[in-house]
Amino acid sequence: MPSETKPSISISVVMSNYNDSSYIGGAIEAVCTQSYQPMEVIIVDDGSTDNSVEIIKEKMAKYPVIRLVQNEVNRGTNYTANRGLNLATGELIYFASSNDEALQGLFEKTAQIMTKYPQAGLCCTDMHFVNMIDGSQYRNPPGWLSQAGYLSPTAYAEATRRSNVSHPLTQSTIVRRELLPKSLGYMSQLEWYADWFLIQIIALRYGCCYIPEPLALFRWFNSRLFF
């Protein structure tokens, strides 16, 4: 993407946290030190019992864009993400994980291409995977395009059908807020598939931008990766 492109589109970060004191400090630093700054970072704590809220408050003193919201009791990931979404005001929404990290350039390159393609419902990138059990690492390239660009809904459906990666990867995905389905965020009945479902709806309705670079880090805590 040409460097002379200077987007002015606003980005809200919505981060859910539950007992992620080992990683949340790094996750916050990763979004707050992006070359393209978010307009707000909304962190919703889901009744943590560790010292992660203390870490968040320390980061708030350093980064004024952070806003902390706390659930009185543990309500689960989907409720917590939706609470943050309902508070977000940016044109683009990044659902950040408290134990993963946005890599440098994610916001800037996404803002550039989403400005270039205003019809796109979202943008996603490749990811860098780290298996926390055995330490193995690898890049996950969907390979939908050879260079950054836009896929129409039809082109997206065909690209995902041909690829070993059949959907945008949530940890690298930034969505256009105005194109979110009305009254539909993360559906609680879908449990762990709620983010996947929401992103699929947007991509299949409006198409998506894709950047073939690893611009997000995903930590996997099970014995093997799912790809």
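Two strands count as paired when DSSP finds at least two bridges between them. Keep that in mind as we walk through this structure, which is a predicted model.

## Strand 1 and its neighbours

Let's start with strand 1, residues 11-17. It runs parallel to strand 4 (residues 92-97), and six bridges join the two. In that pairing, Val13 stands opposite Tyr94 of strand 4. Strand 1 is also joined by six bridges to strand 2 (residues 40-45), again in parallel. Here Asn17 has Asp45 of strand 2 as its bridge partner. To get from strand 1 to strand 2, the chain passes through helix 1 (residues 24-32), and this β-α-β crossover is right-handed.

Is strand 1 buried or exposed? Seven of its seven residues are buried, so the rest of the structure largely encloses it.

In soluble globular proteins, nonpolar side chains tend to be buried together. Which residues have the most contacts inside the largest nonpolar core? They are Met15, Ile28, Val31, Ile43, Tyr94 and Phe107, in a core of 33 residues. Several elements each supply at least two residues of this core, including strand 1, helix 1, strand 2, strand 4 and strand 10. Apart from it lies another core, this one of 28 residues, with Val14, Ala88, Ile202 and Phe218 among them.

Leaving out residues up to four places away in sequence, Val31 touches Val13, Met15, Pro38, Val41, Tyr94, Ala102 and Phe107.

Now hop over to helix 4, where Thr110 lies. Thr110 counts as buried, at 0% relative accessibility. Its contacts, not counting residues up to four places away in sequence, are Gly105, Cys123, Ile174 and Ile211.

## Rings that meet

A search of the whole structure turns up four aromatic pairs. A pair of aromatic rings is described by the distance of the centres and the angle of the planes. Here are two of the pairs:

| Pair | Arrangement | Centre to centre | Angle between planes |
|---|---|---|---|
| Tyr117 and Tyr150 | stacked | 5.6 Å | 20° |
| Trp144 and Tyr210 | tilted | 5.3 Å | 50° |

Where do Tyr117 and Tyr150 sit along the chain? Tyr117 is in the loop between helix 4 (106-116) and strand 6 (122-131), and Tyr150 is in strand 8 (residues 149-151), so their pair ties together parts 33 residues apart in sequence. Tyr150 is partly exposed, with a relative accessible area of 22%.

## Two arginines to look for

The charged end of Arg75 sits over the ring of Tyr79, 3.9 Å from the ring centre.

The other arginine is Arg139, which lies in strand 7. Is Arg139 buried or partly exposed? At 40% relative accessibility, Arg139 counts as partly exposed. Arg139 and Glu213 are 74 residues apart along the chain, and their C-alpha atoms are separated by 9.2 Å. Not counting residues up to four places away in sequence, Arg139 touches Asp126, Met127, Pro212, Glu213 and Pro214.

Terms used
Residues are numbered from 1 along each chain as its sequence is written. This is a predicted model: local features need pLDDT of at least 70, side-chain atom pairs count only at pLDDT 80 or more; totals for chains, interfaces and linings use all residues. Side-chain values use heavy atoms; hydrogens and water are left out. Rings of Phe, Tyr and Trp (its six-membered ring) pair if their centres lie within 6.5 Å; planes under 30 degrees apart count as stacked, over 60 as edge-to-face and the rest as tilted. Helices (H or I, at least four residues) and strands (E, at least two) are DSSP runs, numbered from the N terminus. Buried means under 20% relative accessible area, exposed over 50%, partly exposed in between (1.4 Å probe, protein chains only). A charge sits over a ring if NZ of Lys or CZ of Arg is within 6 Å of the ring centre and within 35 degrees of the ring normal. A crossover is right-handed if, with the strands pointing away from the viewer, the path from the first strand over the helix to the second runs clockwise. A nonpolar core is a set of buried Ala, Val, Leu, Ile, Met, Phe, Trp, Tyr and Cys residues joined through side-chain atoms within 4.5 Å. Contact means heavy atoms within 4.5 Å.
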